[in-house]
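Hello,

Here is the structure I promised to hand over. My notes follow below it.

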Amino acid sequence: MKETNPWFRPNKGGGIALANDGHLQLSFLGVGSAFATTMFQSNLFVIKGPNHVLIDYGSKASVALNRAGLSTLDIENLLVTHSHADHIGGIEEWCLMARYAAPFVKKCARGEYKPNLLTTADYAHILWDSSLRGGLEHSEETQPGRRLALSDYVNIVHGGYLTGYGRPVYHIVVGSGESAIDLKLMRTNHIPDSSASWQSAFYSLGVLIDDRVLVSGDTMFDRELIDVFGSKAEAIFHDCQDYTGGVHASYEELTGLAATHKARTILYHLPDPIKNKFNPKEDGFVGWARSYEQGSYFFD
Ligand SMILES: [Zn+2]
């Protein structure tokens with residue numbers, strides 16, 4: 001079948017290389033939903049020149065990473081969108097490997113190697129206090145009675161706050177020069193299912209990359225999010241579930257977007273049965289997102 005997605009380039013049998021010739025590249029470790037038993041979890045690499053960022057590291061991601069020829073210790077920059085296990089379930093492993101395996105692999109002192117956790121100040125506290133602390137705080141006592149903190153495992157890189165978007169936006173740049181990856185993190189409306197807007201929602205984030213590509217993260221249908229951040233983007237990767245209700249945008253809701261939006265929208269975070277129910281190309285979308293095993297997305 002002829003390829004109609006202008007950004008997609010097939011993978012010619014390899015894994016994922018964490019450097020390229022300088023073009024913005026998105027490679028999905030998986031495109032599945034939290035409960036998908038196929039397609040792995042929706043965690044993706046952003047790669048540009050020598051720089052990479054992994055967006056989310058879920059509970060099954062280390063297996064997908066291994067299949068791609070990489071290890072947890074290869075993740076130098078990790079951006080976290082929210083606290084569900086398909087997005088953060090691998091972070092304890094990432095932290096423990098950095099502190100306790102890296103000294104053997106990278107021949108460094110304990111605590112000398114720290115990868116970068118890209119987040120906001122508010123979310124770093126939530127991530128530690130509500131999710132990571134139980135598994136990481138008591139690994140060792142660096143001084144009698146002193147417990148470990150998240151900053152003992154990783155460098156916490158906070159975004160600078162940007163105004164003018166109608167909701168909180170945080171700006172992080174990875175690398176420098178032409179290969180820098182520009183990330184704008186914006187609050188989204190994912191949980192609880194009764195939440196009417198990002199203002200009443202538990203903390204969750206979407207990502208605008210280089211002002212060119214919007215990755216929605218997990219969110220309920222939010223037309224304002226797409227209008228403000230997606231209108232000028234060349235491509236929109238949007239999460240999608242197969243029924244209306246719950247905590248994700250549904251296929252039916254996204255079908256109601258303007259044709260100009262749909263023509264730039266690729267659907268990801270997919271539940272197992274969705275591909276048997278709908279035909280996104282017939283409904284005006286670019287299509288279903290595909291994992292690195294099939295290919296990657298390049299923005300030249
Ligand atoms: Zn979620």
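β8 pairs with strand β9 (residues 169-174) in the antiparallel sense, over 3 bridges. Strands are DSSP runs of E, at least two residues long; helices are runs of H or I, at least four; both are numbered from the N terminus. Two strands pair if DSSP finds at least two bridges between them. Tyr161 stands opposite Tyr170 in β9.

This is a predicted model: local features need pLDDT of at least 70, side-chain atom pairs count only at pLDDT 80 or more, and totals for chains, interfaces and linings use all residues. Residues are numbered from 1 along each chain as its sequence is written.

The open sheet has 8 strands, ordered β8-β9-β10-β11-β12-β13-β14-β15, with mixed pairing. β8 (160-162) and β15 (287-288) stand at the edges with a single partner strand each, so one side of each has no neighbour in the sheet.

Next, helix α5 (residues 223-230). Its buried residues are Leu225, Ile226, Phe229 and Gly230. Buried means 20 or more other C-beta atoms within 10 Å of the residue's own, with C-beta atoms placed from the backbone. Seen down the axis of α5, the buried residues fall within an arc of 95°, so they line one face of the helix. The arc is taken over directions from the helix axis to the C-beta atoms. Their cover includes β10 (181-187), β11 (205-209), β12 (213-215), β13 (235-239) and α7 (259-262).

Overall, the protein has 8 helices and 16 strands. Of its 300 residues, 47% count as buried. The C-alpha trace spans about 65 × 45 × 40 Å along its principal axes.

Best wishes

Technical notes:
Buried ≥ 20, exposed ≤ 12 C-beta atoms within 10 Å, placed from the backbone. Contact = placed C-beta atoms within 7 Å.
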